[in-house]
Amino acid sequence: MPQYTLRRLDERDKNGVYYIFWSENRRSKRISTRERDLSAAQAFFAQWLLMEREGAGASTLTVTDLWKVYFEKHGAGTGNPTSLANAWKNLSAFFGGRLVAEVTPALVDEYVAKRTSGRLGRKVKESSVRQELSVLRACFNWCANSGRGLLRPAEVPRFDLPKASPPRDRWLTTDEIRRLFDAAAKMRKGSRLSRLERFLWLALETGARKNAILGLTWDRVDFDTGVIHYHRPGDRVTKKRKPSVPISAALEPVLRRMHAERRRPNDPNEPVVGGSDVWRSLVAAAAKAGVPGVSPHVLRHTAATHMARRGVPLWKIAKVLGNTTAMVEQVYAKHCPDDLREAVNTISGGFLEAAE
């Protein structure tokens, strides 16, 4: 059996990456762990040895084995690691101890049935199960394509996801927005804007996602150019993009007030809103305002809907939201039929006359 060793390359090699070395048919071989930290390299080495000695991939690895590597090396650095961790709580209870090769369409169907009936965790809709299984699929695909040799592409389990639910069309009217702001104002302690007011202003005037708003710090609010930069330099760019959004005329005076009310004026990294979540305060304010069905996503959807209803081109809405134009067209095209009015007015070509 080959003897495997873990060490750095010659000291003349400046990259400091650890490699696994062994001999095979009298030829020296090596593979990079892509790690400079010894403990991380040892974890990779242990996983790699398991596959080398017992047969690679789906025949020996459990779903938990793959998840640990996926979350540590990729998931923890995504835009919303908490969401991944929450999905794994339910997935691990059912799939965790199983071999990857055991994950078949029939097994996935059983998971869907148990989750939607309440026999595994609390009862949820198929759309929620779809999100969880999407996380599992992402884990498998990453392990097969990460270059770490954890899973061969041919070993990636293939299964269908439950059907996606239709897009939710709940958005707030102008009157509902005013009532919600009034309720949020009552949460103030003194004259300083409440945390929920700050969140509402940014959500409704920029259309940003909840996590982008909560992660925004003052060093990325540029009053000189009138732009908010939601993306933090150094963060991984994900599908849920965090665009730069101009500061609207309505938001600017409020944002300057927020800036004047900072608790740490000399700290550029002070959060604009801060905190881990706004769900409870948002639900409480919505209940007092008599505005049902409010969530951070509804606020984002409200911002986009009002832009569409006021004639903003869909491609511009897509840039503000950080979404693709195709996605925005699918959801918001029905709110802006005026861009089609010129087209339908040409159908008759003037040969039809109104009935008397």
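Accessible areas come from the Shrake-Rupley method with a 1.4 Å probe. By that method, the accessible surface of the chain comes to about 20,800 Å², and carbon and sulfur atoms account for 51% of this surface. Please keep in mind that you are looking at a predicted model.

**The chain as a whole**

- The chain has 356 residues, and 40% of them are buried.

**Empty space inside**

- Rolling a probe the size of a water molecule over the atoms shows where empty space is left.
- How many cavities of 30 Å³ or more does a search of the whole structure find? The search turns up two.
- The volume of the largest cavity is about 50 Å³.
- Among the residues that line this largest cavity are Gly 207, Ala 208, Arg 209 and Ala 212, together with Arg 241, Lys 242 and Pro 243. Tyr 230, Arg 300, Val 320 and Leu 321 also belong to the lining.
- Sorted by class, the lining of the largest cavity holds six nonpolar residues, one polar residue and four charged residues.

**The second largest pocket**

- This pocket has a volume of about 610 Å³.
- Its lining is made up of 21 residues, and those closest to the centre of the pocket are Leu 204, Glu 205, Thr 206, Ala 303 and Met 307.
- Which elements give two or more residues to the lining of the second largest pocket? They are the helices α6 (174-185), α7 (195-206), α11 (296-309) and α12 (314-321), plus the strand β6 (244-246).
- By class, the lining of this pocket contains 10 nonpolar, seven polar and four charged residues.

**Two cysteines without a bond**

- A disulfide is a covalent bond between the sulfur atoms of two cysteines.
- The structure contains zero disulfides.
- For Cys 139, the nearest cysteine sulfur is that of Cys 143, 4.4 Å away, and Cys 139 is in no disulfide.
- Cys 143 is likewise in no disulfide, and its nearest cysteine sulfur is that of Cys 139.

**Two loop residues to look up**

- Find Arg 158 in the loop between α5 (126-145) and α6. Is Arg 158 buried or exposed? With a relative accessible area of 57%, Arg 158 counts as exposed, because exposed means over 50%.
- Beyond its neighbours within four places in sequence, Arg 158 is in contact with Pro 105, Asn 141 and Pro 153.
- Arg 158 and Phe 140 are 18 residues apart along the chain, and their C-alpha atoms are separated by 9.7 Å.
- Next, go to Glu 261, in the loop between α9 (251-260) and α10 (279-289). Its relative accessibility is 16%, so Glu 261 counts as buried, the cut-off being under 20%.
- Setting aside residues up to four places away in sequence, Glu 261 touches Ser 191, Arg 192, Leu 193 and Arg 198.
- Leu 193 is 68 residues from Glu 261 along the chain, and the C-alpha atoms of the two are separated by 8.1 Å.

Methods: Residues are numbered from 1 along each chain as its sequence is written. This is a predicted model: local features need pLDDT of at least 70, side-chain atom pairs count only at pLDDT 80 or more; totals for chains, interfaces and linings use all residues. Side-chain values use heavy atoms; hydrogens and water are left out. On a 1 Å grid over the protein atoms alone, a cavity is a set of points where a 1.4 Å probe fits but cannot get out, and a pocket is an open set with protein on both sides within 12 Å along at least five of seven lines; lining residues have an atom within 4 Å of a point. Grid points are joined across faces, edges and corners, and a volume is the space filled by probe spheres set on the points. Ala, Val, Leu, Ile, Met, Phe, Trp, Tyr, Cys and Pro count as nonpolar, Asp, Glu, Lys and Arg as charged, and the others, Gly among them, as polar. Helices (H or I, at least four residues) and strands (E, at least two) are DSSP runs, numbered from the N terminus. A disulfide is a pair of cysteine sulfur atoms within 2.5 Å. Buried means under 20% relative accessible area, exposed over 50%, partly exposed in between (1.4 Å probe, protein chains only). Contact means heavy atoms within 4.5 Å.
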